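Student: Please take a close look at one surface part of this model and then connect it to the charged side chains elsewhere. I would like the cut-off of each term to be stated where the term is first used.

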Amino acid sequence: MVESLMLFGIGVLAGCLLMLLFIPLVHERAVRITKRHVVEATPLNVNEIRADKDRLRAEFAMSVRRLEVNLEEMRTKAASQFGEIGRQSTEINRLRVELDKRIALIFALRAREQLRKSMVRRIMRLLHYAIIRSGRRKPALVGVRQSPQLAHGQHAGIARSQT
């Protein structure tokens with residue numbers, strides 16, 4: 001068992017020594033790659049710096065213009081929707097006025113119907129009173145109710161005269 005522990009320890013120490021040998025090589029490569037990326041990212045002369053700034057300005061101007069166009073489209077769309085809302089509110093107001101007129105007409109017709117009914121009741125009472133005062137005990141309502149035989153005879157007579 002001690003032998004296996006010693007072999008394991010020797011293996012770990014050998015791995016650490018090998019790693020110490022390869023770390024500087026890996027580090028130097030990483031530094032070289034990083035330097036190359038930094039050099040490629042930085043412009044070499046003033047003209048490249050200006051060109052990069054101009055490119056950024058152009059991109060910004062294009063994005064601003066896109067936003068302005070979108071804003072103008074939204075304003076146009078909102079204006080058309082406000083126009084439609086105005087037309088609809090005008091139509092609603094016109095319909096409300098028409099509804100008010102019809103409601104007033106309904107009330108007028110109801111009042112007229114009530115007046116007609118009250119006038120008919122009054123006339124019927126006056127007729128009833130006049131008949132009672134004239135000496136008859138049972139008022140005869142003209143045209144209100146007739147005997148079935150009389151009604152049948154009249155209908156038959158009407159039917160004969162029409163043929």
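**A nonpolar surface patch and its charged counterparts**

Tutor: Val26 is exposed, with a relative accessible area of 57%, where exposed means over 50% relative accessible area, buried under 20% and partly exposed in between, computed with a 1.4 Å probe on protein chains only. This is a predicted model, in which local features need pLDDT of at least 70 and side-chain atom pairs count only at pLDDT 80 or more, while totals for chains, interfaces and linings use all residues. Residues are numbered from 1 along each chain as its sequence is written, and side-chain values use heavy atoms, with hydrogens and water left out.

Val26 sits in helix α1, which spans residues 2-41; helices (H or I, at least four residues) and strands (E, at least two) are DSSP runs, numbered from the N terminus. Together with Leu18, Leu21, Phe22 and Leu25, Val26 forms a nonpolar patch on the surface, and the accessible area of these residues together is about 540 Å². Such areas come from the Shrake-Rupley method with a 1.4 Å probe, and for residues only the protein chains shown count as cover. A patch is made of residues with over 30% relative accessible area and no salt bridge, with nonpolar side chains (Val, Leu, Ile, Met, Phe, Trp, Tyr) joined within 5 Å and like charges within 9 Å.

Of its 163 residues, 1% count as buried, and the chain exposes about 15,700 Å², of which carbon and sulfur atoms supply 65%.

A patch of another kind is positive and consists of Lys117, Arg121, Arg122 and Arg125. In this count Lys and Arg are positive and Asp and Glu negative, with His and the chain ends not counted, and the place of a charge is taken as NZ of Lys, CZ of Arg, CG of Asp or CD of Glu. Lys117 belongs to helix α2, residues 46-134, and counts as partly exposed at 40% relative accessibility.

Side chains of opposite charge can pair when their charged atoms come close. With a salt bridge taken as a side-chain nitrogen of Lys or Arg within 4 Å of a carboxyl oxygen of Asp or Glu, the count comes to nine salt bridges. One of them joins Arg55 to Glu59 at 3.0 Å, N to O; both residues lie in helix α2, four residues apart, about one turn of the helix, and they are partly exposed, Arg55 at 42% and Glu59 at 43%. Another, between Glu113 and Arg116, has an N to O distance of 2.5 Å, and here the two residues of helix α2 are three residues apart, again about one turn. Glu113, at 33%, is partly exposed, as is Arg116 at 44%.

Glu98 and Arg94 also meet in a salt bridge, at 3.3 Å, N to O, and they are separated by about one helical turn because they stand four residues apart in helix α2. Glu98 is partly exposed at 29%, and Arg94 at 43%. This pair is part of a network of salt bridges that links Glu91, Arg94, Glu98 and Arg102.
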